[in-house]
Amino acid sequence: MNSQPRQTSGLIKLQPDYNHDGYGPIPYPFWIDPESGDVARQEFWKGSPARLLGFTSGTDIFEVELTAAEYAKDPDRATGMFPVFVDEDSEIYTYTIPTRAPGA
């Protein structure tokens, strides 16, 4: 068991949505640094994702419609949108699970 405390103070919780029928695991949240867009807890994520670029309204839309900076100011705006991340190798990809409302 990891005895290190999880440092989430000052970070924004980005929770992927999950199955509403009550079955299946809840996806791990991403903890986002509001200043840089960096994804915290890299001991778990191991560089994929490394940083949040923003959000798009669909997995087939290749455009950031809400930037990470805009998200940091108003996380509710990303509800139902798909996160766009960059990994440690500078590869950009869209996460295929939409975002839940903050606090939901």
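Phe-85 has 0% relative accessibility, so it counts as buried. Keep in mind that this is a predicted model.

Let's stay with Phe-85. The ring of Tyr-95 has its centre 6.2 Å from that of Phe-85. Their planes sit at 85°, so this pair is edge-to-face. Phe-85 is in strand E5, while Tyr-95 is in the segment after E6. They are 10 residues apart, and the pair links distant parts of the chain.

Now the wider count. The structure holds eight aromatic pairs. One of them joins Phe-85 and Tyr-93, with centres 6.0 Å apart and planes at 45°, so that pair is tilted. Tyr-93 is partly exposed, because its relative accessibility is 24%. Ring pairs also build a cluster, and its members include Tyr-28, Phe-30, Phe-44 and Trp-45.

Next, the sheet. Four strands form an open sheet in the order E4-E3-E5-E6, with antiparallel pairing. E4 and E6 stand at the edges with a single partner strand each, so one side of each has no neighbour in the sheet. Strand E5, residues 82-86, is joined to E6 by three bridges. Val-86 has Ile-92 in E6 as its bridge partner.

Last, charges. How many salt bridges does a search of the whole structure find? Two. In one, Arg-100 meets Asp-17, with the closest N and O atoms 3.0 Å apart. Arg-100 follows strand E6 and Asp-17 lies in the loop between E1 and E2, so the bridge ties together parts 83 residues apart in sequence. Arg-100 counts as buried, at 15% relative accessibility. Arg-41 and Glu-43 also form a salt bridge, at 3.3 Å from N to O.

Terms used
Residues are numbered from 1 along each chain as its sequence is written. This is a predicted model: local features need pLDDT of at least 70, side-chain atom pairs count only at pLDDT 80 or more; totals for chains, interfaces and linings use all residues. Side-chain values use heavy atoms; hydrogens and water are left out. A salt bridge is a side-chain nitrogen of Lys or Arg within 4 Å of a carboxyl oxygen of Asp or Glu. Helices (H or I, at least four residues) and strands (E, at least two) are DSSP runs, numbered from the N terminus. Buried means under 20% relative accessible area, exposed over 50%, partly exposed in between (1.4 Å probe, protein chains only). Two strands pair if DSSP finds at least two bridges between them. Rings of Phe, Tyr and Trp (its six-membered ring) pair if their centres lie within 6.5 Å; planes under 30 degrees apart count as stacked, over 60 as edge-to-face and the rest as tilted.
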